[in-house]
Amino acid sequence: MTKLIFIFIWKLFLISVIQSQKFLECKFDDGERPCRLNPVGLSTPELTLTSTITLDNPSIDPIMPLSDVTSIITPTMGNNLLCQLPYKLDGNSKDIYFCSKLESSSNVSSCFTGDSSEQECLPGQYIMAQPSAGENLTYFIEVLGTSGSSCLSFYYYITRPNVGQIVIWCTDIVGNIVLQFGKTSNVPYNGWHRTEFSFSPNITNYQLYFDLQRFESTDGFISIALDEIKVTGGRCESDIIETTTMSTHTIPTMDQTSTTTEEGITSSSISTFSTTTTKYPVVTPPDGPNLALVLGLSLGIGIPVLLAIVGGFIYYLKVRPSLTAVRSSGNTDTSDSTNIAMQPTNAKT
């Protein structure tokens, strides 16, 4: 029984460690390094690193993010409360889902919190592209040291619905095996949206690609932005899995030749895969407790305490006195002191 308890606790500990492994974390708040998304093709422009956009007319929806994700998911600098999203700047204002800075005001980027006060936001940065109609801009980043199932999560922004999408795929480190595992275009409101996808690259080192696609026959100014890109070990916490067959995908400016990778897999750079796709419903910016922090504290404190309790219980089992102690029986006054009659203390006389 004790051995089974130990095995259970050990498995629980391993699961928590695997799910907390971070193979990639790009917040862009300190610049692109070491999280630079590299353009694919000579005609693909560099992504623009952006911090705060000044809002000149709050009665019109923004055409790009007014602030990054850090500013809206981190407590404000004034009262240490989260932004209460959305909010309005005046009676004619559109719903605002960012920290904002009016062109007519000298105030810093701020938002309204739960106590209805306007507070300064913690500034950060994000990356953005502005594709033309029908244009597909591709960027990649190298991910090293992964193993088994992984979870990709990120925040994205698209100016308005039905104008573009983001397609995610990966290859081995030399660009031979193509696995498309994610696509997102849902834009229920003008703000940041979070999505996550479970996938299994089955190779230790690979390149993660983001296709920022703008549809044909779309007019006006369109922005597609990314922030808080993370790859962690284990499947995503909220898995909604559907089985699908992935279509072929051509890698721009790369030779399409058959080769053997470092793991001994022979494949072509254009392949069709039967795999699983994970789709995560879009969520509104959080205004409650930080679930990741609560879960981290619970696992970080709870597991050591549980191990201590089990260890103490096992120690007690080893050192407690025997239940079958004995006592002397009958006359002990004999000439031979080595021949004393004994019987268990719980025996009937």
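Predicted model: local features only at pLDDT ≥ 70, side-chain atom pairs only at ≥ 80, totals over all residues.
Seven bridges join strand 10 to strand 13 (residues 193-199), and the two run antiparallel. Residues are numbered from 1 along each chain as its sequence is written, and side-chain values use heavy atoms, with hydrogens and water left out.

Strands here are DSSP runs of E with at least two residues, and helices are runs of H or I with at least four, both numbered from the N terminus. Two strands pair if DSSP finds at least two bridges between them. Strand 10 also pairs with strand 15 (residues 224-233), antiparallel, through eight bridges. Leucine 152 stands opposite phenylalanine 197 in strand 13, while tyrosine 156 has leucine 226 in strand 15 as its bridge partner.

Is strand 10 buried or exposed? Nine of the nine residues in strand 10 (150-158) are buried, where buried means under 20% relative accessible area, exposed over 50% and partly exposed in between, with a 1.4 Å probe and protein chains only. In a regular strand, side chains alternate between the two faces of the sheet. Here Ser150, Leu152, Phe154, Tyr156 and Ile158 point one way, and Cys151, Ser153, Tyr155 and Tyr157 the other.

Let me turn to the chain as a whole. Its secondary structure comes to three helices and 21 strands, and 40% of its 349 residues count as buried.

Beyond its neighbours within four places in sequence, leucine 208 is in contact (heavy atoms within 4.5 Å) with residues including Leu152, Cys170 and Val231.

How many disulfides are there? The count comes to four, taking a disulfide as a pair of cysteine sulfur atoms within 2.5 Å. One of them joins cysteine 26 to cysteine 35, S to S 2.4 Å; both cysteines are buried. Another links cysteine 99 and cysteine 121 at 2.0 Å. The torsion about that S-S bond is about -85°, so the disulfide is left-handed. Cysteine 99 lies in the loop between helix 2 and strand 5 and cysteine 121 in the loop between strand 7 (118-120) and strand 8 (126-129), so the pair ties together parts 22 residues apart in sequence.
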